[in-house]
Amino acid sequence: MISNFILAPILAHMITAIVLLFFWKNVQAQKTVSVIGNIVGFLVSWRLFALVWENGNMTLQMGGWQAPFGITFVSDTLSATMVMLTAIVSLAVGIYSTAATNISRIRYGHFFIYHFLIMGLMGAFLTGDIFNLYVWFEVVIISSFVLLTLGGKKRQMEGAVKYVTMNMLASSIFLTAIGILYGITGSLNIADLPQHVAAVENRGLVTVTALLFFVGFGIKSAVFPMYYWLPSSYHTPPSAIGAVFGGLLTKMGVYSMIRVFTVVFEPDDFMLGVFIVIAILTMISGALGAINKRNIRRILSYFIVCHIGYLIAGIGMYTELAFVGVVFYLIHDVIVKSNFFMMSGLIQKIRVTQDIYRLGGFYKDYPKLSIVFGIILFSLAGIPPLSGFWPKILLFQEAFKAENYVLLGTLIFASFITLFIVARIWSEVFWKDLPKPNAEEIDHFAPFHMRGRLALVLPVVGLAVVSLLIGLNASFVFEVAERVAHELMNPSIYIDSVMHHLK
Amino acid sequence: MELLLVLLVGILYSAGIYLILRRSMVKLLLGFMMLGNGANILIFLMGELTKGKAPIINGDNIHFTDAYADPVPQALILTAIVISFGLTAFAIILLKKVHETTGTDDLDSLNIQDLDI
């Protein structure tokens, strides 16, 4: 089905960003416009998902130039799901930022850049052209650079140097891979590439190109050994920014990896072996890194690394059921990770610190909020029936079926460490009494005006409800994940929807 | 000509990577510029060089009568140059700001906040 509607989620955020330019100094107007833009973006993405769910893949050939000559936009179920998730997170974080972001940040274009970031993510998920994907990546990283450094505190600067360096390196490697791929195939359209890749005689060159893509996307999605930029930078910006980064940016790398390695390259045993080994090392290093950290957001940064390992392991197993697990885990992970960052921001607002040993007595002071936080924490750990449980079972089962017991052991180990740390956060922050009341540690939350408090709590509760729904209504999410996995294992569905005019 | 460009790409990549691994911020920046230029020349090279034939085809011609240069790599390079220009501009400002706030050019001294666990 050909439709212009596929561009609507991108345009919604682009137009919002442009409108925001006209309210550069008017903070209140910026907040209102941003929330309206996010709601429109959410509704449009919901509609896109519904259309794709009912009618199958949607494509758009830009400027009427038919594939493989023009730039194509494609929305299959995976793209539509990712756009949907981006829209949910962007709405929640957008509302949260209206209260959590300080005025000077907003005056320097926080919301403006924020909408460009979301636009870039939507574009990356919807494009069907590999060079266009690179351009969307650049839109995303340049926006993230600005959001990360806005404010210019010393620790932000330190984190930003590592973040900028690694991301620019990843972009260079990605660009190199695209250059070589174009040289050996003469095409850039993702749907057109597989037939050309299959026809290349020099298989060694194909493997090298595939590895270059893997390294490029691997740095972006923070896999072992290239993950260290993430824990040293993600805790430096404000929580609202951390929420978008933690939830979505690394997942963009994983999405691209799934796309490239299911449609363009047919991974051989060597590539799959690389995936599995990298996944195992990522899970172990992420889990061990999280154990000795005291700052909630630093713990979470290592969790992001650790749980990327789950996704990579699923890709490495390369069976339909494993992909069901990957997609389900992706859906769960985006929601929970973003929510976790917002939760840590809320804790900081209430207690000033994020050091778990200096926190405490949360359950006594804020019992209702603590229950919401509990849902977030325990769905992250994967306690049934919350959302993290179902995909983990699938991945365990597939690893067992593949008789890869090292992988199975690592999956269980990483899960166990996650549970252990989550339990520790729960007991330190929520159950334990407040150690010694510190004079500086004043509650910034309680004296906040009602609307501000609502804007802080509502998104957290909303995303927690989404997590609960994913867990309790797992059959629908399974249905989505199964359809995505079916499309991933049969790339001809994707290819036919783009190249149908050639038949 | 091709061999010359191949060597140039190799030199730019290796010099770029070498400079990125140094501790100085200025060298980091230079390394990125070299890497970016190396990638652009690589794309140019991979599109197969055609000497003196602009990718402009006379409107009267219905069929290709000659070998023309491939326009796609040129378009890609143009886009990549603009992007790397933006990124480099941002990186220069960032590193200048980092130098102002920390007062050092040594990248290894930027680990203070990583020490507190």
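**Notebook: Gly316 and some helices, chain A**

I started at A:Gly316, which sits in helix H13 (residues 296-317) of chain A; helices here are DSSP runs of H or I with at least four residues, numbered from the N terminus. This is a predicted model, where local features need pLDDT of at least 70, side-chain atom pairs count only at pLDDT 80 or more, and totals for chains, interfaces and linings use all residues. Residues are numbered from 1 along each chain as its sequence is written, with chains lettered from A and ligands numbered from 1 in the order written.

Buried or exposed, I asked of A:Gly316? Buried, with 25 other C-beta atoms within 10 Å (the cut-off is 20 or more, with C-beta atoms placed from the backbone). I then checked A:Leu272: 44 residues from A:Gly316 in sequence, yet 4.8 Å away, C-alpha to C-alpha. A:Gly316 also touches A:Phe275, A:Ile276 and A:Ala279, leaving out residues up to four places away in sequence; touching means C-beta atoms within 7 Å.

Next I looked at H6(A), residues 130-149. Its 20 residues should span 28 Å, and the end C-alpha atoms are 29 Å apart, which agrees (expected span: 1.5 Å times one less than the number of residues). I found 19 of the 20 residues buried, so H6(A) is largely enclosed by the rest of the structure. A:Gly151 follows H6(A), with a positive phi near 110 degrees.

Last, I took the UniProt entry, which is unreviewed: it lists residues 129-418 of chain A as "domain: NADH:quinone oxidoreductase/Mrp antiporter transmembrane", though such annotations may be inferred rather than shown by experiment. In the model, that span is 80% helix and 0% strand (strands being E runs of at least two residues), with its end C-alpha atoms 37 Å apart.

Technical notes:
Buried ≥ 20, exposed ≤ 12 C-beta atoms within 10 Å, placed from the backbone. Contact = placed C-beta atoms within 7 Å.
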